[in-house]
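Here's a quick briefing to read alongside the model. Have the sequence and the 3D view open, and we'll go through it topic by topic.

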Amino acid sequence: MNRLSIRISAHIIGLIPLLWYASTLWRHGWPLDPVASYIAASGTAALQLLVASLAVTPVQRLSGRSALGVMRRPLGLYAFAYTMAHLLVYLMLDYAWNWQQISQNIFSKRHLIAGLLATLLFIPLALTSTTGWQKRLGRWWKHLHRIVYGAAGLAVLHYVWLVKSDTRIPYLYATVIGILLLMRLLPLRKVLHAQSR
Amino acid sequence: MPPIPSSEITPEALFWNRRRFMQTALAGAALTIPGCAATPSATNPTPAPDASGAPVVPTLPAGQGTVAGTSDELGQPLTDFAAVTGYNNYYEFTTDKQAVAAAAAGFVTNPWTVQVDGLVAKPRQFALEDILKLGNEERIYRLRCVEGWSMVIPWSGFSLNKLLALVEPTSAAKYVRFETLNDPERMPGQKEPWYTWPYAEGLRLDEAMHDLTLMATGVYGNPLPPQNGAPLRLAVPWKYGFKSIKSIVRITLTDTQPTSLWMAAAPDEYGFYANVNPRVDHPRWSQADERRIGDTGRRQTLMFNGYADAVASLYTGMDLRKFY
Ligand code: HEM
């Protein structure tokens with residue numbers, strides 16, 4: 001695969017949740033509680049794309065295809081876009097910009113505080129995602145962007161805390177993110193090389 | 001609830017109790033019992049005007065019978081038939097609210113019996129036909145789900161106290177326990193291990209005897225469809241929706257406080273009373289406000305879901321933060 005087709009694949013992956021949602025509307029009709037439906041769909045999409053972006057480096061290393069690295073930025077930005085859509089639905093459709101109700105709601109619920117913190121951590125990452133900022137920050141850029149693991153952890157916490165009792169899916173996300181983090185921490189390439197020798 | 005001396009436990013005492021509940025309920029304003037319209041024409045609430053000032057006449061979709069009212073006593077319009085019968089919390093079928101109707105389609109409720117037993121003088125097994133004879137009045141109630149959304153629903157049925165009067169609770173009876181059908185083959189959600197099935201709920205006897213406590217057998221002018229709890233369910237409008245147990249097969253009068261499914265699942269989240277109370281939050285959902293299904297934005301949640309005039313006296317002297 002050349003770089004262009006890898007880039008295009010990243011956009012296709014990023015748009016899958018949107019297309020999937022459109023097909024759900026097509027098949028099942030308009031949701032009866034649209035606000036809850038938009039919030040669930042956008043939140044799920046944000047988390048899935050976040051996981052996808054975190055998976056790029058480990059997949060790149062395991063497969064030995066360094067060209068895959070160009071997927072990291074678009075996938076991360078899709079995750080950010082879905083997060084913003086999620087927040088926008090909450091602020092605009094659920095709470096109709098009633099700031100008094102919004103602050104009362106967010107600060108009284110631990111899962112919403114976790115979601116808010118995750119969102120706040122995403123903002124500097126999205127803003128500094130450009131090549132210009134990457135150059136300007138030099139080696140600090142890498143350090144800064146490790147924040148993404150903190151943001152992912154908070155996003156999963158947000159999810160774990162908000163489900164009623166069936167925590168299987170949130171814990172599945174937590175496990176996958178944990179494994180991806182471990183793969184970054186362990187000098188995986190060396191281990192693999194040692195084995196293949 | 002005040003103890004009733006044994007000597008008074010006669011049908012008259014029961015009658016007197018009912019009178020008292022009637023009075024409590026009727027105190028304040030007749031408005032507080034919206035659905036007590038035995039003759040719909042007499043107390044039919046005026047339709048809520050829409051933005052242009054013209055009364056809104058809801059269109060009746062297929063499958064919907066006639067309903068007398070178009071709004072609750074606060075003038076809030078009925079939630080669409082499609083949402084009332086298509087957006088349901090009924091974990092016995094599926095946890096996906098919008099998939100319940102399809103998952104529950106074909107749920108057979110005939111024959112159906114309801115066992116009423118425990119601390120009663122005349123325990124009895126009722127056939128559904130006999131229960132249906134107890135009345136069919138329309139009541140428009142707000143339903144406030146603990147998850148922070150709400151609807152306005154035209155139920156039909158009768159006050160639960162009519163049924164309880166037939167079995168004559170003894171003086172020892174202090175609580176009423178309700179149980180949903182337990183049949184994992186017909187209710188596949190009951191195969192999920194997360195909860196202790198069957199669904200159970202409870203009320204204090206005076207709550208159960210309150211005239212507002214409705215045994216609903218119909219909605220929108222038709223018999224209850226499966227997704228709404230066919231063939232009979234509670235509608236306790238001043239409590240969170242989960243108290244209004246569906247597809248009831250057993251009602252037991254007890255002297256100990258029943259443990260509901262939700263109390264067993266998460267004791268720190270769900271108490272026995274579960275009265276709608278904007279000042280006492282659930283750990284996950286703010287109870288200060290609610291989204292009426294179909295609306296954008298949220299409205300303030302009312303104490304006892306707007307039925308305070310009728311029911312607040314049941315809880316005088318109680319710390320509602322402790323008894324949540
Ligand atoms: C200020 C920031 C945020 C707010 C106010 C917020 C708010 C919400 C709300 C109100 C819900 C629905 C809760 C319920 O059904 O009770 C929700 C669900 C969810 N949110 Fe967020 N959220 C925020 C940030 C995030 C972020 C950063 C992510 C992930 C990257 C995320 C992922 C999710 C997921 C996966 C769900 C569950 C969807 C489902 O129901 O299946 N949220 N969020």
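Is B:Glu207 buried or exposed? B:Glu207 is buried, since its relative accessible area is 0% and the cut-off for buried is under 20%. Keep in mind that this is a predicted model.

**The iron site**

- Two histidines of chain A, A:His86 and A:His158, coordinate the iron atom of the ligand through their NE2 atoms, at 2.0 Å.
- These histidines tie together distant parts of the chain: A:His86 sits in helix 3 (residues 72-94) of chain A and A:His158 in helix 8 (residues 147-162) of chain A, 72 residues apart.
- The site of the iron atom has 6 donor atoms with angles of 87 to 179 degrees among them, and it is octahedral.
- For reference, six octahedral donors ideally give angles of 90 or 180 degrees.
- Both A:His86 and A:His158 are buried.

**Salt bridges between the chains**

- As a reminder, oppositely charged side chains can pair when their charged atoms come close.
- Over all chains, the count comes to 22 salt bridges.
- One of them pairs B:Arg298 with A:Asp94, at 2.6 Å from N to O.
- This pair joins two chains, because B:Arg298 lies in the loop between strand 11 (289-292) and strand 12 of chain B, while A:Asp94 lies in helix 3 of chain A.
- B:Arg298 is buried, at a relative accessible area of 17%, and A:Asp94 is buried too, at 4%.
- Another salt bridge is the one between A:Arg168 and B:Glu192, whose closest N and O atoms are 3.6 Å apart.
- Here again the pair joins two chains, because A:Arg168 is in helix 9 (residues 168-185) of chain A and B:Glu192 is in the loop between strand 5 and strand 6 of chain B.
- A:Arg168 is partly exposed, with a relative accessible area of 46%, and B:Glu192 also counts as partly exposed, at 34% relative accessibility.

**A salt bridge inside chain B, and a network**

- Back to B:Glu207: its salt-bridge partner is B:Lys239, and the closest N and O atoms are 2.9 Å apart.
- The pair links distant parts of the chain, with B:Lys239 in the loop between strand 9 and strand 10 (248-254) of chain B and B:Glu207 in helix 7 (residues 205-209) of chain B, 32 residues apart.
- B:Lys239 counts as buried, at 1% relative accessibility.
- There's also a network: A:Asp33, A:Asp94, B:Asp289, B:Arg291 and B:Arg298 are joined into one by salt bridges that share partners.

**Chain B overall**

- Chain B has 9 helices and 12 strands.
- Of its 324 residues, 57% are buried.
- Among contacts in chain B with a separation of 6 or more, 70% are between residues 24 or more positions apart.
- The accessible surface of chain B is about 13,200 Å², and carbon and sulfur atoms hold 56% of that.

- B:Trp197 and B:Pro198 are joined by a cis peptide bond, with omega about -5 degrees.
- B:Pro198 is in the loop between strand 5 (175-180) and strand 6 (200-204) of chain B.
- Another cis peptide bond runs from B:Ala230 to B:Pro231, with omega near 0 degrees.
- Look for B:Pro231 in the loop between strand 8 (222-223) and strand 9 (233-235) of chain B.
- B:Phe304 isn't a glycine, yet its phi is positive, at about 50 degrees.
- B:Asn305 is likewise not a glycine and has a positive phi, near 55 degrees.
- You'll find B:Phe304 in the loop between strand 12 (299-300) and helix 9 (308-311) of chain B, and B:Asn305 in the loop between strand 12 and helix 9.
- B:Phe304 counts as buried at 3% relative accessibility, as does B:Asn305 at 2%.

**A nonpolar patch on chain A**

- A:Leu4, A:Ile8, A:Ile12, A:Ile13, A:Ile16 and A:Trp20 make a nonpolar surface patch of about 610 Å².
- A:Trp20 is in helix 1 (residues 3-28) of chain A.
- A:Trp20 counts as exposed because its relative accessibility is 57%, and the cut-off for exposed is over 50%.

Note on methods:
Residues numbered from 1 in each chain as written. Chains lettered and ligands numbered in written order. Predicted model: local features only at pLDDT ≥ 70, side-chain atom pairs only at ≥ 80, totals over all residues. Heavy atoms only, no water. Patch = residues over 30% accessible without salt bridge, like charges linked within 9 Å, V, L, I, M, F, W, Y side chains within 5 Å. Areas by Shrake-Rupley, 256 points an atom, 1.4 Å probe, with all protein chains shown as cover. Salt bridge = Lys/Arg side-chain N within 4 Å of Asp/Glu carboxyl O. Helix = DSSP H or I, 4+ residues; strand = E, 2+ residues; numbered from the N terminus. Buried < 20%, exposed > 50% of the residue type's maximum accessible area, 1.4 Å probe, protein only. Contact = heavy atoms within 4.5 Å. Donors = N, O, S within 2.8 Å, 3.2 Å for Na, K, Ca; no water. Tetrahedral: all angles 85-135°; square planar, octahedral: opposite > 155°, others 65-115°.
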